[in-house]
Amino acid sequence: MDILHAFLLGLQDSLVSGGKTVKLLKQDPEIRSKLFQCFMLNGVVFMFSLLIFDWIIVPIVLLVAPNETSHCIDMILTAVFRVLWVLPLYLISRLLNVFWYQEIADLVYKSVRRSRSRSPSSSVSELIADIIYSVIVQCVFLMQASLAGLVPVLGYPLQVIHMALVYSLYAFEYVWMNQGHGVVRRVALMHFNWAYFTGYGIIMSVVISCAESYFMGVCLFSLMFPVLIVSAHHTSPQTRVKCFPLPLFRPSIFVTERVMSLTNRR
């Protein structure tokens, strides 16, 4: 029952995040500006261009093209669109989103916690090392999620659960890093509150898993993630319902430590 309770609490917090975001939008013009920029780039420009191409441009071209060449024209048109438009826009959006997400997190943290953005106890070198370690852990965990998806019968739910934890970690890392928690502490919080974080990220995980393409999934993530960042600053999952630890990140930690040790030797 504790597992179900924690899962439902996480799900509830993710569902009410929209209301918290709207409240902050009314109160803080800076947060409103950053969220608006995210919405315009990722939703209006990126996502709508994909939808217009797939639902309007391609059907019209195929309608007027000869039947014997329609498949070839579709392939060429799609390749040109992705190379000249989708890929450059994807790279630009990924770069801008990194800065926008951090700015949103810092603004929300200051607004909610009424505190400085970052704990002053960490040096720049420690911060860089922590970020590198965290990135490797997350990359290895994403590979673990992909492998979990290959498990017969249970592959899809296992992958959805893995990705729900990843999305939750992404969102709460902004809070925990601002509080000065190291990556080991952050992963420990995930292990002891895995049911809550699964519920917190499950909607986003399911929605993105249903995306028609990788790039559409990227757009959905980019639109939904800022809302999760805002919500993450309004809850403290480690002080709520706890259940038995589930160390799903332990293989990632093991691989990361081996990689870091080999790097240090050189």
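A residue is called buried when its relative accessible area is under 20%, exposed when it is over 50%, and partly exposed in between, using a 1.4 Å probe and counting protein chains only. Keep that scale in mind as we walk through this predicted model, in which local features need pLDDT of at least 70, side-chain atom pairs count only at pLDDT 80 or more, and totals for chains, interfaces and linings use all residues. Residues are numbered from 1 along each chain as its sequence is written, and side-chain values use heavy atoms, leaving out hydrogens and water.

Let us start with the overall layout. The chain has ten helices and zero strands, where helices (H or I, at least four residues) and strands (E, at least two) are DSSP runs numbered from the N terminus. Reading along the sequence therefore gives the pattern α-α-α-α-α-α-α-α-α-α. The C-alpha trace spans about 65 × 50 × 45 Å along its principal axes. Of the 266 residues in the chain, 43% are buried.

Now look inside. In soluble globular proteins, nonpolar side chains tend to be buried together. A nonpolar core is a set of buried Ala, Val, Leu, Ile, Met, Phe, Trp, Tyr and Cys residues joined through side-chain atoms within 4.5 Å. The largest such core here has 63 residues, and Phe46, Leu50, Trp176, Phe225 and Phe249 touch the most other members. Helices α1 (2-15), α3, α4 (70-113), α5, α6, α7 (183-192), α8 (194-209) and α9 (214-232) each supply at least two residues of this core. Helix α9 provides the largest share, eleven residues.

Rolling a probe the size of a water molecule over the atoms shows where empty space is left. The search uses a 1 Å grid over the protein atoms alone: a pocket is an open set of points where a 1.4 Å probe fits, with protein on both sides within 12 Å along at least five of seven lines, and lining residues have an atom within 4 Å of a point. The largest pocket has a volume of about 1,300 Å³, a volume being the space filled by probe spheres set on the points, which are joined across faces, edges and corners. Its lining holds 40 residues, and Arg94, Gln138, Tyr170, Phe221 and Phe225 lie nearest the centre. Helices α4, α5, α6, α8 and α9 each give at least two residues to that lining, with α6 giving the most, ten residues.

Next come the charged pairs. Side chains of opposite charge can pair when their charged atoms come close. A salt bridge is a side-chain nitrogen of Lys or Arg within 4 Å of a carboxyl oxygen of Asp or Glu, and by this rule the count comes to two. One joins Glu103 and Lys34, at 2.7 Å from N to O. This pair links distant parts of the chain, with Glu103 in helix α4 and Lys34 in helix α3, 69 residues apart. Glu103 is partly exposed, at 32% relative accessibility. The other bridge joins Arg186 and Glu173, whose closest N and O atoms are 3.0 Å apart. Here helix α7 holds Arg186 and helix α6 holds Glu173, 13 residues apart. Both Arg186 and Glu173 are buried.

On the surface, Phe48, Ile52, Trp55, Ile56, Ile57 and Ile60 form a nonpolar patch with about 610 Å² of accessible area together. Patches are made of residues with over 30% relative accessible area and no salt bridge, where like charges are joined within 9 Å and nonpolar side chains (Val, Leu, Ile, Met, Phe, Trp, Tyr) within 5 Å. The areas come from the Shrake-Rupley method with a 1.4 Å probe, and for residues only the protein chains shown count as cover. Ile56, in helix α3 (residues 29-64), is partly exposed because its relative accessible area is 44%.

Finally, visit two single residues. Val153 sits in the loop between α5 (124-148) and α6 (155-178). Although Val153 is not a glycine, its phi is positive, at about 70°. Val153 counts as exposed because its relative accessible area is 82%. Tyr196, in helix α8, is buried because its relative accessible area is 1%.
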